[in-house]
Amino acid sequence: MAKLAQGAKYRGSIHDFPDFDASQDAETLYNAMKGFGSDKEAILELITSRSNRQRQEICQNYKSLYGKDLIADLKYELTGKFERLIVGLMRPPAYSDAKEIKDAISGIGTDEKCLIEILASRTNEQIHQLVAAYKDAYERDLEADVIGDTSGHFQKMLVVLLQGTREEDDVVSEDLVQQDVQDLYEAGELKWGTDEAQFIYILGNRSKQHLRLVFDEYLKTTGKPIEASIRGELSGDFEKLMLAVVKCVRSTPEYFAERLFKAMKGLGTRDNTLIRIMVSRSELDILDVREIFRTKYEKSLYSMIKNDTSGEYKKTLLKLCGGDDDAAGKFFPEAAQVAYQMWELSAVARVEVKGTVRPAGDFNPDTDAKALRKAMKGLGTDEDTIIDIITHRSNAQRQQIRQTFKSHFGRDLMADLKSELSGDLARLILGLMMPPAHYDAKQLKKAMEGAGTDEKALIEILATRTNAEIRAINEAYKEDYHKSLEDDLSSDTSGLFKRILISLATGNREEGGEDQDRVREDAQEIADTPSGDRSSLETRFMMILCTRSYQHLRRVFQEFVKMTNYDVEHTIKKRMSGDVRDVFVAIVQSVKNKPLFFADKLYKSMKGAGTEEKTLTRIMVSRSEIDLLNIRWEFIEKYDKSLHQAIEGDTSGHFLKALLAVCGGKD
């Protein structure tokens, strides 16, 4: 088993086998591979129930007893992913890492993701063992091989990490924390260009505990997390490496939980990544990885492996996983700590929100009105000109164009656009032409028209708008439809869901900071409801979630984790159902990170067969001048591809062109 730091609790899933007999195990494996075929079940059962130290003893005894190399025999008898997994388990950890890196830099091309994962996550001791193992196994210098296969700042940071000289966690200086924050800020945000050397020096050498304090202070000082600055200032593999270092500093198990999820989500499985992580963390922190995985992705690592793999390969991975957290039915302290830290990050963040559509610098409404009239006059329509003008003007400028168009031509620009355009493009362009409050009012009206109600649209709008936006929507609704929004909500919805929506539609949420005494009272109020009384629980949640300020709610939800060991979102999903559950979850997610809430909605609108064009259009229009740039950042961070790429792969024609113009960049 892996060596533990003094006082540390073992968090691996593989333990030393009691009554271990290396000679007997060697004989069992020899018999399992003797003759025609091999007993794969016996092989996987034995190897996954022995620690790595014990496996090395089995290898030595196998050679002594039979004069053969056990790993060579396993390679000969087994095939494919199962063979790679079993052989990976048989190597000492440092030699397994050395083999992974050797494969990553051999042949044509380089597997940068493998290099990043290993070198960003290993401790000083593990790095030293890796370098020695590489030298022993391949008679080559690892640093020289990495230098020969990489370049630029990416190469420099890899070389720094290969030294294994990061300061230990007891090395923390408050004065140095402030200095490092200032140096990072001046090297990136305050500098024309970027001083990459400062990022490399600080992130490559300071202790993890020191860096956590630096990241906290950086957020308070600059109003944005260090990750946002890295994404804005760095690029390519160097950016990915630095983000991986930051993630591992914050929580190595969380980094691996994310890597495992991405290895299995969507079509196909990244088996090399899955094998490498399950092998390397099985005697280190796989229990922490499991717990964080379930918290972040609302499913157990065990169940995802079970649904994504097959055969002996699946059986072996599940053995390494060590248990199904969904079956356990409990919430873990480690996962609760992650939830607490997420709310702390949300509470202290002062992230500057930015849209992607800005006022045109050389704006001339007269020229634009004439160009639009020409684009729609005569046979055919010049969609390209329409898209180019409307997507590159702010909403206020579009309103000026509408007035000028009517003054010049005595025509209604909206009516002409509606006549000339059709389908998804028409909905997008007409949406961009409407004042924001009138656009939201129309979306709410459409959600309640005809047979059935689009509850998702009602929730998305009412759970995410500010007080000022809600009041403007109410006025626009009254002006456009000659009735109150509240009356229509009352007639089209029912029960507690109706009461929640009406409460949100008043636009009377408190504003300002948190009241610490009231924070504890509110957390107690939603934590104390008896487990069997769901209606009382839902009513208490409504009174607090619909009225308190966002800043206050962040502290309430953080206090809730301390009181119950549960994240509030987890409690809502477990204890509630239907539209009430969905609207509360939307409020909580919006409070935690509104751009991420919309990034998730956009992703879901485009994943799988078919596209929810109405959802896609509604979010792109409504967030284009508010926080679409932040949404883009959250999208690429969570889904490993840019919003631009997702739109490009899921839409077509002029609709695609207009969406990409609103999106505003490839990231």
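Okay, some housekeeping before the tour. The model is predicted, so local features need pLDDT of at least 70 and side-chain atom pairs count only at pLDDT 80 or more, while totals for chains, interfaces and linings use all residues. Residues are numbered from 1 along each chain as its sequence is written, and side-chain values use heavy atoms, with hydrogens and water left out.

Let's start with helix 6, residues 93-105, and helix 7. By helix I mean a DSSP run of H or I with at least four residues, numbered from the N terminus. The axes of these two come within 9 Å and cross at roughly 150 degrees. Those axes are lines fitted to C-alpha atoms over the stretch in contact, and the angle runs from 0 to 180 degrees between N-to-C directions. So helix 6 and helix 7 are roughly antiparallel; that label goes to angles over 145 degrees, with under 35 being roughly parallel, 65 to 115 roughly perpendicular and the rest oblique.

Which residues make that contact? From helix 6 we have D97, E100, I101, A104 and I105, and from helix 7 there are C114, L115, I118 and L119. Contact here means heavy atoms within 4.5 Å. Sort those residues by type and you get seven nonpolar, no polar and two charged. For the sorting, Ala, Val, Leu, Ile, Met, Phe, Trp, Tyr, Cys and Pro are nonpolar, Asp, Glu, Lys and Arg are charged, and the others, Gly among them, are polar. The crossing of helix 6 and helix 7 is left-handed, as in the near helix being turned anticlockwise from the far one by less than a right angle; clockwise would be right-handed.

Now stay with helix 7, residues 112-121, and look at helix 10, residues 152-162: their axes come within 10 Å and cross at roughly 35 degrees. That crossing is left-handed. On the helix 7 side, E112, L115, I116, L119 and A120 take part, and they meet F154, L158, L161 and L162 of helix 10. The tally for this contact is eight nonpolar, no polar and one charged.

Next pair: helix 27, residues 436-448, and helix 30, residues 485-492. These pack at about 25 degrees, with axes 10 Å apart, and are therefore roughly parallel. Another left-handed crossing here. L444, K445 and M448 of helix 27 meet L485, D488, L489 and D492 of helix 30, which splits into four nonpolar, no polar and three charged.

While we're in helix 27, find H438. Is H438 buried or exposed? Buried, at 18% relative accessible area; the cut-offs are under 20% for buried, over 50% for exposed and partly exposed in between, with a 1.4 Å probe and protein chains only. The H438 side chain makes a polar contact of 2.7 Å with the side chain of D480. A polar contact is a pair of N or O atoms within 3.5 Å; within protein, one must be able to donate a hydrogen and the other to accept it, and residues adjacent in sequence count only if both atoms are side-chain atoms. Setting aside residues up to four places away in sequence, H438 touches A476, E479 and D480.

R393 has a polar contact too. You'll find R393 in the loop between helix 23 (383-390) and helix 24 (395-409), and at 15% relative accessibility it counts as buried. The side chains of R393 and D368 are joined by a polar contact of 2.6 Å. Beyond neighbours within four places in sequence, R393 is in contact with several residues, including V357, F363, D388 and I401.

And which helix is largely enclosed by the rest of the structure? That's helix 37, residues 613-623, so called because nine of its 11 residues are buried. Among them are T615, L616, R618 and R623.

D19, in the segment before helix 1 (22-33), has a positive phi near 55 degrees without being a glycine. E139 also has a positive phi, about 55 degrees, and is not a glycine either; look for E139 in the loop between helix 8 (124-138) and helix 9 (142-149). D19 counts as exposed at 78% relative accessibility, and E139 counts as exposed at 71%.

To get a sense of distance, take T367 in helix 22, residues 365-376. T367 and D19 are 348 residues apart in sequence and 87 Å apart in space, C-alpha to C-alpha.
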